[in-house]
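Here is a short tour of one protein chain, written to be read with the model open beside you.

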Amino acid sequence: GASALLQRATPSLAASVATPALTQRAATPAMGLLGRVAGRLRPKRKLNIPVIEVGSVLPAVEVEVVPPNATTEGLAESVSLNIAEALGEGKSFLIGMPGAFTPTCTDLHLPGLIQSAKTLGDYGVSNIAVVTTNDRWVISAWRDSLRECVGFGDSSLTYLADGDGDLVKALGLVEDMGFGVGLRSKRFALMVEDGVVTRVEVDEGMDELRTTGADNLLQIAKPPEVEAEEASEMDRKTLLGGAAVALLTAVAFFSPGSSPGTTWASRPRGREAAPPPLARSRGSRPDKEASEMMASKAAVRAKLDAAAETAAKRVRADELKRATAS
């Protein structure tokens, strides 16, 4: 027929228009119950990669920068930078997390960083970069969903995608998180100054959040002058509290009708407040002992007054020091 005539006349044309035969793919063998259980219980793979040390220069590895407020069209084009360029100059934090949408990262770690970003900036941190071993689309969706959930922005944070895991492998901060998760970034925090690592903090596993959380990062980044001011403020409050306690003690001790061991709250009220006059009898207290007791009270009162005056002088000196410094 026509097909045979076409094949005899133009063999190459016939080959080009002929419908290719579809190849049937072999069915994947079904995995039994024992195989599925064994797969889920597989041991984590040990990775003998040395962790980057303090004083080391960041490795020359590129990461993808997730643009702020990116749309699907804006994410279509990849923007890659060397990790040192992505962090920029000055003091910065590089925060690694196991993955977007994982519980600890989403509920605690990232919200804490967002809330503390302004204070960290006041402490001289120029950039806070968050990196996960996810692609840029997942990280962008994670950031946007968290922004809607917590109700505040995070424009001061930089989001980096290390989809192939090249950066965390070069840093030695990669871990096999087990079945269904695989190789992920460890939870870590690197303080970096002009491309050089000055601090390394690591929390093991996917759930622990202790040394890499915002509270610890605030303590790490806090300038010495801020620590000194906070310590001075604490001393001032302690002195004021001590002076107040001394004053209340003196009032309770020297008020009329008081006696050793009697507190202001336990002292009787009304008619019973005035103690009955002491009857002079053969067994009454001698005048000498009464005079010694009064002298002892006067000495205690003088010490309390001196302590209160010292506290007041210390407070005035601290306030004058702060006023001079400002």
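Leaving out residues up to four places away in sequence, threonine 212 touches His109, Arg187, Phe188, Ala189, Glu201, Val202, Asp203 and Leu217, where contact means heavy atoms within 4.5 Å. Before going further, please keep in mind that this is a predicted model, in which local features need pLDDT of at least 70, side-chain atom pairs count only at pLDDT 80 or more, and totals for chains, interfaces and linings use all residues. Residues are numbered from 1 along each chain as its sequence is written, and side-chain values use heavy atoms, with hydrogens and water left out.

Threonine 212 sits in the loop between β9 (196-203) and α8 (214-221); helices (H or I, at least four residues) and strands (E, at least two) are DSSP runs, numbered from the N terminus. Is this threonine buried or exposed? Threonine 212 counts as buried because its relative accessible area is 0%; buried means under 20%, exposed over 50%, and partly exposed in between, with a 1.4 Å probe and protein chains only. Its side chain makes a polar contact of 2.7 Å with the side chain of aspartate 203. A polar contact is a pair of N or O atoms within 3.5 Å; within protein, one must be able to donate a hydrogen and the other to accept it, and residues adjacent in sequence count only if both atoms are side-chain atoms.

Glutamate 201, one of the residues touched by threonine 212, belongs to strand β9. With 12% relative accessibility, glutamate 201 is buried too. The side chain of glutamate 201 has a polar contact with that of arginine 199, at 2.8 Å. Beyond four places in sequence, the residues that glutamate 201 touches include Arg187, Phe188, Ala189, Asn216 and Ile220.

**The chain and its cores**

Stepping back, the chain has ten helices and nine strands. Of its 326 residues, 33% are buried. Among contacts with a separation of 6 or more, 69% join residues 24 or more positions apart. The accessible surface, from the Shrake-Rupley method with a 1.4 Å probe and, for residues, only the protein chains shown as cover, is about 20600 Å², and 58% of it belongs to carbon and sulfur atoms.

In soluble globular proteins, nonpolar side chains tend to be buried together. A nonpolar core is a set of buried Ala, Val, Leu, Ile, Met, Phe, Trp, Tyr and Cys residues joined through side-chain atoms within 4.5 Å. The largest one here has 29 residues, and Phe93, Ile95, Leu110 and Leu157 touch the most other members. At least two residues each come from β3 (91-96), α5, β4 (125-132), α6 (136-150), β5 (157-161), β8 (187-193) and α8. Helix α5 gives the largest share, six residues. Leucine 157, setting aside neighbours within four places in sequence, is in contact with Leu110, Leu113, Ile114, Ala117, Ile128 and Val130. Another core, of 21 residues, lies apart from the largest one and includes Leu58, Val63, Leu87 and Phe188.

Valine 125 is in strand β4 and is buried, at 8% relative accessible area. Apart from neighbours within four places in sequence, valine 125 contacts Lys91, Ser92, Phe93, Leu120 and Ala221. Its C-alpha atom lies 9.3 Å from that of methionine 191, 66 residues away along the chain.

**Salt bridges and a surface patch**

How many salt bridges does a search of the whole structure find? The search finds six, each being a side-chain nitrogen of Lys or Arg within 4 Å of a carboxyl oxygen of Asp or Glu. Among them are these:

| Pair | N to O distance |
|---|---|
| Lysine 118 and aspartate 122 | 3.4 Å |
| Arginine 143 and aspartate 144 | 3.4 Å |
| Arginine 210 and glutamate 208 | 3.5 Å |

Lysine 118 and aspartate 122 are four residues apart in helix α5 (residues 103-122), about one turn. Lysine 118 is exposed at 64%, and aspartate 122 is exposed at 56%. In the second pair, arginine 143 is buried at 3%, whereas aspartate 144 is partly exposed at 23%.

Finally, Leu47, Ile49 and Leu183 make a nonpolar surface patch of about 210 Å². Patches are made of residues with over 30% relative accessible area and no salt bridge, with like charges joined within 9 Å and nonpolar side chains (Val, Leu, Ile, Met, Phe, Trp, Tyr) within 5 Å. Leucine 47 lies in the loop between α3 (33-40) and β1 (62-66) and is partly exposed, at 34% relative accessible area.
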